[in-house]
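Open your viewer and get ready to select residues.

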Protein chains: 2
Amino acid sequence: MSNQKRKSNCPINHALELFGDRWTLLIIRDLAFKGKSHYNEFLQSEEKIATNILADRLQQLEINGIVIKQTDPAHGSKLLYKLTDKGIALVPLLIEIILWSARYDMNTPADPSFIDQAYRDRDYLINAISFALKEKLAARV
Amino acid sequence: MSNQKRKSNCPINHALELFGDRWTLLIIRDLAFKGKSHYNEFLQSEEKIATNILADRLQQLEINGIVIKQTDPAHGSKLLYKLTDKGIALVPLLIEIILWSARYDMNTPADPSFIDQAYRDRDYLINAISFALKEKLAARV
């Protein structure tokens, strides 16, 4: 909300601070754009999600088929979270949130080359990001 | 959330029940797609927003420049709410939410002709909806 200090200048965080609870989409952002997959990595994000909220939202995402949980082959005790096809299909929505923030918030440091590409060839950008996430989903690790 | 009763089968409501607080975007949906502009009309929506939440979210939307409030010339005591240009720019995001729900939720009665048009000519659909909302914004009433 505008009368509270922002938790980060990430354009996605900004848009959701304007229009709703944002934790779930921030986790999806981390999975889609930040290369994160471990519980501790989500905890370390700039917005400082609380561990009970993170656990709850990851569980809901799993229940709703947006995220899958796997044992990390590199660290047997750790869990990996990945976006499913249903989760990857949220990429266009995330891109719209980024574009809106880039357009209406001068303080949001959206990457200009990303914004340019989203305007010039939106479908190509969505396909490229989605392809990389589908490769990650299919990989054993 | 999947283990709670849905408040409606509206595809936008569905998507936001999956990934966050949804009241603000539901108000924007009402303004963008349902032709609503009065406080009482928002109260009557299927999801049954509480009056204190509605008042709070409308105020935040106004503070954030997404909605403007005007006196209704037809009923001097009533107020009209309209999407600003910044609010109208959320139409593509709403369309992405609808498309995602239409794809992944068999129980969502999304209008098939709307979905077809969104896939066939997304830009045309966005422009047509945005043009109508800009006309409404410019009108005295």
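Here is a short walk through some salt bridges.

The model is predicted: local features need pLDDT of at least 70, side-chain atom pairs count only at pLDDT 80 or more, and totals for chains, interfaces and linings use all residues. Residues are numbered from 1 along each chain as its sequence is written, chains are lettered from A and ligands numbered from 1 in the order in which they are written, and side-chain values use heavy atoms, leaving out hydrogens and water.

Side chains of opposite charge can pair when their charged atoms come close. A salt bridge here is a side-chain nitrogen of Lys or Arg within 4 Å of a carboxyl oxygen of Asp or Glu. Over all chains, the whole structure holds 16 salt bridges.

**Stop 1.** Select A:Arg57 and A:Asp56. Their side chains form a salt bridge, 2.9 Å from N to O. Buried or partly exposed? (Buried is under 20% relative accessible area, exposed over 50%, partly exposed in between, with a 1.4 Å probe and protein chains only.) A:Arg57 is buried at 16%. A:Asp56 is partly exposed at 30%.

**Stop 2.** Select A:Glu62 and A:Lys69. Their closest N and O atoms are 3.6 Å apart in a salt bridge. A:Glu62 is partly exposed at 31%. A:Lys69 is partly exposed too, at 39%.

**Stop 3.** Move to chain B and select B:Arg29 and B:Glu47. This salt bridge has its closest N and O atoms 2.8 Å apart. B:Arg29 is buried, at 3% relative accessible area. B:Glu47 is buried as well, at 3%.

**Stop 4.** Select A:Glu96, A:Arg122, A:Asp123, B:Glu96, B:Arg122 and B:Asp123. A network of salt bridges links these residues.
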